[in-house]
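The tour starts with a term that the rest relies on.

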Amino acid sequence: MKVFLFALCGLAAFSSAAFADPIYLALGDSSAFGETNRTHNPSNGDRGYVRPFADYLGSVYGTRPTVVNFAINGETSGSYFAGTGRVSSDGQGFNTNYNGLADPYPQSQRLRDSFSNPATNADVRAVSVQLGANNLDAVA
């Protein structure tokens, strides 16, 4: 099985024309979801490092972007693409951005869906990706 390791935190910022509601997409594992206290689940993921980064982007753009966090607890680089093989089976149920979706459902598909929707695509200003720690956990 091929394993693709992502940088622990990769960031790509996109510039675009001025839109009323910019969007910040967060992708990855429990760290990207902001999972520091399981008593705060379910959540839309506007927490952890995502929240202060979105606040910073708001100071840059003049308005805080809408946070769309597709991160899932237990995600690995393989399950990111396949939707199966996570090291934790409960993660997708914690993210309210997945309500009504049956597992398996890969984050990569949600990302493609976001960019194939012209209304959403035009507003995406930043994307962060954090994957890799669960790959090491799965090997151990």
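Buried means under 20% relative accessible area, exposed means over 50%, and partly exposed lies in between (1.4 Å probe, protein chains only). This is a predicted model: local features need pLDDT of at least 70, side-chain atom pairs count only at pLDDT 80 or more, and totals for chains, interfaces and linings use all residues. Residues are numbered from 1 along each chain as its sequence is written, and side-chain values use heavy atoms, with hydrogens and water left out.

Start with the interior. A nonpolar core is a set of buried Ala, Val, Leu, Ile, Met, Phe, Trp, Tyr and Cys residues joined through side-chain atoms within 4.5 Å. The largest has 14 residues, and Leu25, Leu27, Phe70 and Val127 touch the most other members. Strands β2 (23–28) and β4 (124–130) each supply at least two residues of this core. Here helices (H or I, at least four residues) and strands (E, at least two) are DSSP runs, numbered from the N terminus. Apart from that core lies another, of 7 residues, including Tyr24, Ala54, Leu57 and Ala126.

Now turn to helix α2, residues 50–61. Its 12 residues reach 16 Å from first C-alpha to last, close to the 16 Å expected at 1.5 Å a residue; the expected span is 1.5 Å times one less than the number of residues. Val50, Ala54, Leu57 and Gly58 are buried. Gly62 follows α2, with a positive phi near 90°.

Next come the charged pairs. A salt bridge is a side-chain nitrogen of Lys or Arg within 4 Å of a carboxyl oxygen of Asp or Glu. By this rule the count comes to 4. Asp46 pairs with Arg64, the closest N and O atoms being 2.9 Å apart. Asp46 sits in the loop between α1 and α2, Arg64 in the loop between α2 and β3, 18 residues apart. Arg64 also bridges to Asp55, at 2.5 Å between the closest N and O atoms. Asp46 is buried at 12% relative accessible area. Arg64 is partly exposed at 33%, and Asp55 is partly exposed at 40%.
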